[in-house]
Each structure stands twice: as C-alpha cells, then as structure tokens.
Amino acid sequence: MPALRDHLLALIDAVNSRVDRLVRRVHAIETRLDDVEDDLGDAESRLADAEARLDMAEGRLDNVEAVVAGLVQQAADRASDDDGDGYSELQNDCDDADPAVNPPATGLDLNCDGTAEVPIP
Ligand SMILES: [Ca+2]
Ligand SMILES: [Ca+2]
Ligand SMILES: [Ca+2]
C-alpha cells in the first residue's frame with residue numbers, strides 16, 4: 001500500500017514542520033521572556049536606588065525640621081518676658097531672670113556687658 005505509506009510520510013513531514021515552527025516560537029518567546037526579566041531586574045534595581053535616596057532625603061528633612069524647631073523655640077524663649085519686668089531679651093532685658101535689670105531701671109545696655117550705652121534718662 002504505497003499510497004497509504006506516502007500519505008503517512010507526508011503527514012509526518014507536516015507534523016514535523018509544525019513541531020519545528022512551534023519550537024521556534026517557543027524559543028522566541030523564551031528570548032522575549034529573558035528580555036522582560038532583564039528589564040524587570042533593572043526596574044527593581046532602580047526602585048531600590050530610589051527608595052534609598054528617598055530614605056536619605058527623609059532623614060535630611062527630619063534634621064532640618066529639628067533645627068527649625070530649635071530655632072523657633074530659641075526665638076520664643078528670647079521673645080518671652082520670663083521675669084515679668086515688661087521686657088524680653090529681644091527688648092534688651094540683659095537678665096531676664098532678674099526683674100530689677102531692665103532698660104528703664106538700668107539704662108539701655110546694648111551689648112549686655114553691664115555698662116549702659118544709653119543711660120537712664
Ligand atoms: Ca524680662
Ligand atoms: Ca529683667
Ligand atoms: Ca554695654
């Protein structure tokens with residue numbers, strides 16, 4: 001039955017060529033998958049870098065916030081009249097713990113060296 005044999009051989013050839021095409025497609029897909037995995041690796045690495053930089057920036061921001069909070073506290077301290085004499089350090093109260101020391105009582109001591117540059121009028 002040569003006709004049947006020829007038919008089967010042709011069928012086998014067709015199946016083989018389909019298998020070859022499928023193998024080539026699988027190979028192409030594997031290559032693309034490798035590329036995608038490489039891209040994903042790059043993206044993960046860039047994300048890790050960005051996260052590290054963000055952490056550093058947050059740390060620096062925390063430091064700046066602490067410095068600003070300290071300066072605000074210092075300004076508030078200098079602006080408050082602690083001894084109740086009516087003058088804060090910003091208003092040339094050279095001893096804000098002693099109500100007897102203030103510009104009208106002791107003269108205006110601009111550099112707080114104990115000598116009034118502007119004496120009591
Ligand atoms: Ca005062
Ligand atoms: Ca005072
Ligand atoms: Ca002085």
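These are my notebook entries on a predicted model of a single chain.

**Entry 1, overall form.** I began with the secondary structure and found 2 helices and 0 strands in the chain. I then looked up the extent of the C-alpha trace, which spans about 135 × 20 × 15 Å along its principal axes. The radius of gyration is 43 Å, whereas a compact globule of 121 residues would have a value near 14 Å.

**Entry 2, burial and contacts over the whole chain.** I checked how much of the chain is covered: buried residues make up 3% of the 121 residues. I also looked at contacts with a separation of 6 or more, and residues 24 or more positions apart account for 0% of them.

I noted the division of the chain into domain 1, residues 2-64, and domain 2, residues 80-121. Between the C-alpha centres of domain 1 and domain 2 I read a distance of 79 Å.

I took α1 next, which covers residues 2-79 and so has 78 residues by the helix assignment. From its first C-alpha to its last, α1 reaches 113 Å, and I noted that this is close to the 116 Å expected at 1.5 Å a residue. I counted the buried residues in α1 and got 0, so the helix is hardly covered by the criterion of 20 or more other C-beta atoms within 10 Å.

Is Val68 buried or exposed? Val68 is exposed, because 10 other C-beta atoms lie within 10 Å, and the cut-off for exposed is 12 or fewer. I also took a distance along the chain: Val68 and Ala50 are 18 residues apart in sequence and 26 Å apart in space, C-alpha to C-alpha.

I moved on to the loop between α1 and α2, where Asn92 lies; α2 itself covers residues 103-106. I looked up the backbone of Asn92 and found phi near 65°, a positive value in a residue other than glycine. I wrote this down because most residues other than glycine have a negative phi. Asn92 has 19 other C-beta atoms within 10 Å and is therefore partly exposed; the cut-off for buried is 20 or more.

I then went to the segment after α2, which holds Leu110. Which residues does Leu110 touch, not counting those up to four places away in sequence? I found Asn92 and Glu117. Leu110 and Asp93 are 17 residues apart in sequence, and I read 9.3 Å between their C-alpha atoms. Leu110 is partly exposed, because 13 other C-beta atoms lie within 10 Å.

With 12 C-beta neighbours inside 10 Å, Cys112 counts as exposed, and I noted that the cut-off is 12 or fewer.

Note on methods:
Residues numbered from 1 in each chain as written. Chains lettered and ligands numbered in written order. Predicted model: local features only at pLDDT ≥ 70, side-chain atom pairs only at ≥ 80, totals over all residues. Helix = DSSP H or I, 4+ residues; strand = E, 2+ residues; numbered from the N terminus. Rg over C-alpha atoms; globule rule 2.2 N^0.38 Å. Contact = placed C-beta atoms within 7 Å. Domains from an automatic or database assignment. Expected span 1.5 Å × (residues − 1).
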